[in-house]
Amino acid sequence: MRTLEQTTQEVLELAANHFKVADGSLHAGDDFYKKLGIDSLQALDMLSRLENHFQIELPDYEVQGVSDFKTLAERIQARL
Amino acid sequence: MLDLRKYSSIGESLREALETFPDEVCLIESDRGEEKLRLTYREFKERALPLARGLQDLGLAAGDRVSIIMTNQSKWLISAYALFCCGGTMVPLDFKLKPEEHWQLLKHSSASVLITEYGIWRQLSASPARAEVPNVKTVLVTEAPPDADLLGAQRWEKIQGSGEPVFVPRKRADIASIVYSSGTGGSPKGCMLSHENYLAQCTALTAWYPFWPGVRYLSILPTNHSIDFMVGFFGPFVCGAAVVHLRTLRPEFVREAFAKYQITYVTLVPLVLKNLQKGLQARFDELPASKRRAFEAMRKINIALTRNQPRLALSRRLLKQVHEGFGGKLEAIIVGGAFSEPQTLQFFYDLGIPVINAYGLTEGGTGVTVNDLKPFRADTVGKPLPGIEVRIATPDVEGIGEVAVRGKTVMAGYLNDPDMTAETIVDGWLMTGDMGRFDSMGHLQLFGRKKNMIVTEEGKNVYAEDVESAFEGLKVKEFCVFAANYIWPQRSMTAEKLVLVIHLEQGQAFTPELKNEIAARNNRLTNYKRVHGLVVYADDFPLTASLKVIRKVLAQRLGNLEQEKVVLPI
């Protein structure tokens, strides 16, 4: 079982990889809309990648209104 | 299609539709590419009537308000029909709101019953705001796991009354639903829409764009939105058509659904349309040079042959692969909810995919003007729908003024807000707050807003005043939020932004700490509600005798400053 820290780290790495930004440039408290300059559809696209990676299903409503990596990782952790 | 003149309510029309098209498919539900459910009108009725009876057994009576907070799915529509059978008034809320926002609107609407999904209910029931909303007496939740703690709710699936429900008739003037067009945080704007509004709107829309049995409408916009309720439920049902729901609106599943279900119509907001355009363009750019040349040649031929009107059969042959990607049956993409850029609309039309650009607002019963494709115009929002009067109030020398709307589709008013209603509906005319003018062909063109609000590309209305609560307690003398377009009119309805205007105390410096505090508060707002710029204003704000900011005057004063010089990024 992953710890929340591990989950958060994996979310950050996956997001960096998905949006092609340098590893280590994203942080747990970052607002991903702002930091990555993405819109809500691109955020949904990222969720599919996260679902595949963590082998979970995240309903859309679980992540609507979430905009920082930390909360996103917590929502994922709750479903692991 | 049913002749809607014969019916006096949504419930009565739907009841007739269920009897008229028993063997037609009315609903398809898919989750992550897998079909989960397919219902005929008969099967829909068999699920809805026991629920209606169950709601009556729980005491639901005519006029009682029932809120639905669900993602687009079959149980949303079944619940809506059941509540209309009971004579209830629907309060559909956006499932994407935060729990405290939901509770605020549940309180404002005086809903006594809430129907929601278990996952959403878990978030709602954990919110402290629940305690402040005693009016919600009954909560039904769908899809709760077998051993789940229902947290005071009842299982939707178990609400099965025995025997036929008593159908409760409603009059055309009765309120069918309370739809929140915007406004959480400040003053909720609950549009009271009558049965007449819906019946008139449906008649007007289907006069130009009818549905028929066999049509498959892909319902992507949330059904709480007036557009989707009309074209993704009521309209298709009274025509015997089918609605396709996707439980997960990830772009890859949406793309797949077009082909898999051979979608006939879909309504998209500009953001999604632009995303589709980007994806298609990327695929065109990847074509090898020879194929690319052949494709461009076909596109040019299509453009020449569809100049005066769409010719779907021809376009489907000329640009076969593109059309097959959309399932080969797509009649048109309806675009609404916000303003679309003409080049995006033109991109699709050039591919032989008609784009029906429409303009409307919840207060006007949804659609006001629609492009009739005779011929296609990317630069306008079309002509007034049959039965809807549109005029330009107090036009300037260029003919631009406020768009005003009159007709049977105009709402009854805002719930519990006679003042705002009186400001908005003047002598029977709905003052939209949007600035426009008619061209010589009778098409409406839009040029900006008169109201201090923005509409995002996702179709979200954001009133500047509603965002101010996020900055309450900020250590400055005073502050105000404005739509940049309201202060510095751009004659544009795209890329609209909000700005925060602050006035510091005498001798107070604009410190990095204050800037960080503003940024942190801004980040706590839902992303589409955030302000994008900051103005540090040097003078006192103009105030009324009761010390309220006179926004109009302040906006005029700010308008004398140069936007580029005074707006700082946040």
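The model is predicted: local features need pLDDT of at least 70, side-chain atom pairs count only at pLDDT 80 or more, and totals for chains, interfaces and linings use all residues. Residues are numbered from 1 along each chain as its sequence is written, while chains are lettered from A and ligands numbered from 1 in the order in which they are written. Chain B has an average pLDDT of 93, with 99% of its residues at 70 or above; pLDDT is the predictor's confidence in each residue, from 0 to 100. The scores for the model are ipTM 0.79 and pTM 0.88.

Start with the domains. Chain B splits into domain 1 (4-266) and domain 2 (462-569), with bounds from an automatic or database domain assignment. Between the C-alpha centres of these two domains of chain B lie 38 Å.

Now the sheet. Helices (H or I, at least four residues) and strands (E, at least two) are DSSP runs, numbered from the N terminus. In chain B, 9 strands form an open sheet of mixed pairing, ordered β2-β1-β11-β10-β12-β13-β14-β15-β16. Two strands count as paired if DSSP finds at least two bridges between them. The edges are β2 (34-40) and β16 (383-384) of chain B; each has a single partner strand, so one side of each lacks a neighbour in the sheet. Helix α3 (residues 74-85) of chain B packs on this sheet and touches β1 (25-31), β2 and β11 of chain B. The direction of α3 makes about 140° with that of β1(B). Contact here means C-beta atoms, placed from the backbone, within 7 Å. Axes are lines fitted to C-alpha atoms, for helices over the stretch in contact, and angles run from 0 to 180 degrees between N-to-C directions.

Next, strand β10 (residues 216-219) of chain B. In a regular strand, side chains alternate between the two faces of the sheet. Arg216(B) and Leu218(B) on one side of β10(B), and Tyr217(B) and Ser219(B) on the other, are all buried. Buried means 20 or more other C-beta atoms within 10 Å of the residue's own, exposed means 12 or fewer, and partly exposed is in between; C-beta atoms are placed from the backbone. β10(B) runs parallel to β11 (residues 242-246) of chain B, joined by 4 bridges. Arg216(B) faces Ala242(B) there, and Leu218(B) has Val244(B) as its bridge partner. Tyr217(B) partners Tyr265(B) in β12(B).

Right-handed means that, with the strands pointing away from the viewer, the path from the first strand over the helix to the second runs clockwise. α7(B) runs at about 155° to β10(B).

Finally, strand β14 (residues 355-361) of chain B, where 7 of 7 residues are buried. Its bridges to β13(B) number 3, in the parallel sense. Val335(B) has Asn357(B) as its bridge partner in β14(B). The path from β13(B) to β14(B) passes through helix α13 (residues 342-350) of chain B, in a right-handed crossover. β14(B) and β15(B) pair antiparallel over 4 bridges, and Gly360(B) stands opposite Gly367(B). Their hairpin has 4 residues between the strands, and Gly365(B) there takes a positive phi near 80°.

Terms used:
Contact = placed C-beta atoms within 7 Å.
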